[in-house]
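User: I have a structure open here and would like to go through its packing with you. Could you take my questions as they come?

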Amino acid sequence: MDYQTLTYDLADGVAVVTLNRPDVMNALNAQMRAELLHALRRAAGEARAVVLTGAGRAFCAGQDLGDTGNLNTINLERLLRDEYTPLLEAIADCPVPVISAVNGVAAGAGANLALAADVVIAADSASFMQAFSKIGLIPDAGGTYVLPRKLGLAKAMGLALFADKLSARDASDMGLIWEAVDDAGFEATWRARAAHLANGPTQAFARTKQAMRESLGNDMQEQLMLEARLQGECGRTRDFREGVLAFLDKRPASFEGR
Ligand code: T3D
């Protein structure tokens, strides 16, 4: 696919997907949703870590409000089910870690796209806004799933109802994201994190994602059984063998992702 609304760069096992409609704060139109889905699926097949970021001063301003079609006949249920849900599933089901490198404001579905990633790293000047109530909507694109789970109901509800801008630092302090980084060191930080993941035990990372995500719906017994099964699989990987041998040899492990 020849991308028009994003760029895709693969180097050293890291796929960097950059939303690229800076004039509209990288708002999501139908073409960008289709291209992003393609890029995420492509990265899942050829990268060992994926980074999602934005061009210009925004990460993503959510739905392109100029691309909603006729407001009298718009079918938001279809739009969400057919065009947003596959994006969130592609991130959750991606067998390699996905980092959101949030370079600027992330609003509406753009905020929840960022928060769907496995690791969220934000520049200090970035912010998160559940902008939906300003236009008469509820948080979508996974907002009502992820916010109560990461923050608890009190903060999730406040963010949804007031639609305040949450600074990157506050998001980090509240446990909504992994880390906020000063602007000067932002790109170097996410690149280093992505390189670390791309050189890690990819098979174990895939199963870590699975175990963490399934734990939200499991009781303890189910989760312990799942851990045992997945760890059994990890125990049969080359990377496990390499990790143990490297420890015993007192040298850094060289993981192949197998
Ligand atoms: O509606 C449906 O189809 C259902 C789906 C819903 C999912 C959703 O995501 S709903 C939420 C949609 N997003 C928003 O409501 C956010 C709207 N944008 C803003 O609130 C602000 O633009 C920001 C807080 C993101 C940034 O503010 P600021 O002051 O830094 O920039 P700005 O001047 O408002 O925006 C810069 C330009 O981007 C401007 O265009 P212009 O005037 O320079 O030609 C603005 O219109 C454009 N822009 C920003 N957000 C969007 C957008 N254009 C289209 N869609 C946007 N979402």
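User: At what angle do α4 and α5 pack?

Analyst: In this predicted model, helix α4 (residues 143-151) packs against helix α5 (residues 153-162) at an angle of about 135 degrees, and their axes are 7 Å apart. With that angle, α4 counts as oblique to α5.

User: And which residues of α4 and α5 meet there?

Analyst: On the α4 side they are Leu147, Pro148 and Leu151, and these meet Leu153, Lys155, Ala156 and Leu159 of α5. Sorted by class, the contact of α4 with α5 has six nonpolar residues, one charged residue and no polar ones.

User: How do α8 and α9 pack, and how far apart are their axes?

Analyst: Helix α8 (residues 202-215) and helix α9 (residues 220-234) pack at an angle of about 175 degrees, their axes being 10 Å apart. The two helices, α8 and α9, are therefore roughly antiparallel to each other.

User: What does the contact of α8 with α9 have by class?

Analyst: The contact of α8 with α9 has five nonpolar, three polar and four charged residues. From α8 the residues are Ala204, Arg207, Gln210, Ala211, Glu214 and Ser215, which meet Gln223, Leu226, Arg229, Leu230, Glu233 and Cys234 in α9.

User: Switching to rings, how many aromatic pairs does a search of the whole structure find?

Analyst: The search of the whole structure finds one aromatic pair. Its members are Tyr3 and Tyr8, with 6.2 Å from centre to centre and 35 degrees between the planes, and the pair is tilted.

User: Why tilted, for Tyr3 and Tyr8?

Analyst: Because planes under 30 degrees apart count as stacked and those over 60 as edge-to-face, with the rest as tilted, the 35 degrees between the planes of Tyr3 and Tyr8 goes with the tilted class.

User: Are those two buried or exposed, Tyr3 and Tyr8?

Analyst: Tyr3 counts as buried at 13% relative accessibility, and Tyr8 is buried as well, with a relative accessible area of 11%.

User: What sits over the ring of Tyr8?

Analyst: That is the charged end of Arg42, which sits over the Tyr8 ring at 3.9 Å from its centre.

User: Now backbone: what about phi of Met25 and of Ala163?

Analyst: Met25 is not a glycine, yet has a positive phi of about 55 degrees, and Ala163, also a residue other than glycine, has a positive phi near 55 degrees. For context, most residues other than glycine have a negative phi.

User: Where do Met25 and Ala163 lie?

Analyst: Met25 is in the loop between β2 (14-19) and α1 (30-46), while Ala163 is in the loop between α5 and β9 (165-167). As for accessibility, Met25 is partly exposed, with a relative accessible area of 21%, whereas Ala163 is buried, with a relative accessible area of 3%.

User: Next, Val96. Where is it, in which loop?

Analyst: Val96 lies in the loop between α2 (76-93) and β5 (98-102), and at 3% relative accessibility Val96 counts as buried.

User: What does Val96 touch, not counting residues up to four places away in sequence?

Analyst: With those residues set aside, Val96 touches Ala47, Arg48, Ala49, Val50, Asp118, Thr202 and Lys209.

User: Last one: which strand is Thr53 found in, and what is it in contact with?

Analyst: Thr53 is found in strand β3 (residues 49-54) and counts as buried at 6% relative accessibility. Leaving aside neighbours within four places in sequence, Thr53 is in contact with Val16, Val17, Thr18, Leu19, Phe59, Ala101 and Asn103. Thr53 and Thr144, for their part, are 91 residues apart in sequence and 22 Å apart in space, C-alpha to C-alpha.

Key
Residues numbered from 1 in each chain as written. Predicted model: local features only at pLDDT ≥ 70, side-chain atom pairs only at ≥ 80, totals over all residues. Heavy atoms only, no water. Phe/Tyr/Trp six-rings, centres within 6.5 Å; stacked < 30°, edge-to-face > 60°. Buried < 20%, exposed > 50% of the residue type's maximum accessible area, 1.4 Å probe, protein only. Lys NZ or Arg CZ within 6 Å of the ring centre and 35° of its normal. Axes fitted to C-alpha atoms, helices over the stretch in contact; angles between N-to-C directions. Helix = DSSP H or I, 4+ residues; strand = E, 2+ residues; numbered from the N terminus. Parallel < 35°, antiparallel > 145°, perpendicular 65-115°, else oblique. Contact = heavy atoms within 4.5 Å. Nonpolar A, V, L, I, M, F, W, Y, C, P; charged D, E, K, R; others polar.
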